[in-house]
Amino acid sequence: VSDTTCFAVDIGCAPGLVWSNCRNHLFSTTSLAIMQLLGRLGVRADVIPTGGSVATTAFGFARFMGGNPIVLIGQDLALTGGKDHADGYLHAYTDDFLKARTDKGFDVEGYNGQPVKTEKQLLFYKTWYENQVKTYPETMVINATEGGAKIEGCLQIPFAQVCAELAAYQSAKQFDFPRHELVF
């Protein structure tokens, strides 16, 4: 592994991964108590907020790394088409289970202003994102998921438009990105 590679390591990962490289670790945890405990042991671990899903953890990591803007794609946060995951999800629920979830769901404002159905777990993630947007108003958050629930405080911009605008901006600014890799 190169000296410019940085390992982003969550405290919950396998010890073999952590110690497969003895340099350039970025340790993180989602718990203030664990951060304090590790600090007493001489290990620096940064707290990265998470709303309980891999997507909210990725958002927290993007914020931690100074990402601005942050673009959300694939965050329906609704039972789009009666499903809680995209087609191809390996652990798909039965039709009866999804129908029961939909029947117990809530109507919320959708991306396009029309009501959509969500359920308590997805509503929790939606609320978490909305609270993060309020907590960090200096970070531009773009919801580019054309469908599903509206995330209050986010700019609602179609993904193709986001890509076109970022490409134009990148061409104009000639970004010079940091010279290191992140390995997850």
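Where is the place of Thr139? Thr139 sits in the loop between α5 and β7, and with a relative accessibility of 6% it counts as buried (buried is under 20% relative accessible area, exposed over 50%, partly exposed in between, with a 1.4 Å probe and protein chains only). Setting aside neighbours within four places in sequence, Thr139 touches Arg63, Gly67, Asn68 and Ile70, where contact means heavy atoms within 4.5 Å.

A word on the source: this is a predicted model, in which local features need pLDDT of at least 70, side-chain atom pairs count only at pLDDT 80 or more, and totals for chains, interfaces and linings use all residues. Residues are numbered from 1 along each chain as its sequence is written, and side-chain values use heavy atoms, with hydrogens and water left out.

The protein chain has a mean pLDDT of 79, with 75% of its residues at 70 or more; pLDDT is the predictor's confidence in each residue, from 0 to 100. Over residues 177–184 the pLDDT stays under 50, and the model has 16 contacts beyond four places in sequence for that stretch. Of the 184 residues in the protein chain, 32% are buried. Taking contacts between residues at least 6 apart in sequence, 47% join residues at least 24 apart.

The secondary structure comes to 6 helices and 9 strands, these being DSSP runs numbered from the N terminus (helices are H or I, at least four residues; strands are E, at least two). Strands count as paired if DSSP finds at least two bridges between them, and 2 bridges link β7 (residues 141–143) to β8. Here Asn143 lies opposite Gln156 of β8.

Elsewhere, β5 (residues 106–109) and β6 (residues 115–118) pair in the antiparallel sense through 4 bridges. Val108 has Val116 in β6 as its bridge partner. The two strands make a hairpin with 5 residues between them, and Gly113 in the turn shows a positive phi of about 90 degrees.

On the helical side, α3 (residues 54–64) packs against α5 (residues 120–135) at an angle of about 10 degrees, the axes lying 11 Å apart. Axes are lines fitted to C-alpha atoms, for helices over the stretch in contact, and angles run from 0 to 180 degrees between N-to-C directions. The pair is therefore roughly parallel (angles under 35 degrees; over 145 is roughly antiparallel, 65 to 115 roughly perpendicular, and the rest oblique). Ala55, Thr56, Phe59 and Gly60 of α3 meet Tyr125, Trp128, Tyr129 and Gln132 of α5. That contact splits into 5 nonpolar residues, 3 polar and no charged. In this scheme Ala, Val, Leu, Ile, Met, Phe, Trp, Tyr, Cys and Pro are nonpolar, Asp, Glu, Lys and Arg charged, and the others, Gly among them, polar.

Within α3, the buried residues are Thr56, Phe59, Gly60, Phe61 and Arg63. Arg63 turns up again as one of the contacts of Thr139. Just past the end of α3, Gly66 adopts a positive phi of about 90 degrees.

Finally, Cys163 belongs to helix α6 (residues 159–173) and is partly exposed, at 36% relative accessible area. Cys163 and Val71 are 92 residues apart in sequence, but 9.9 Å apart in space, C-alpha to C-alpha.
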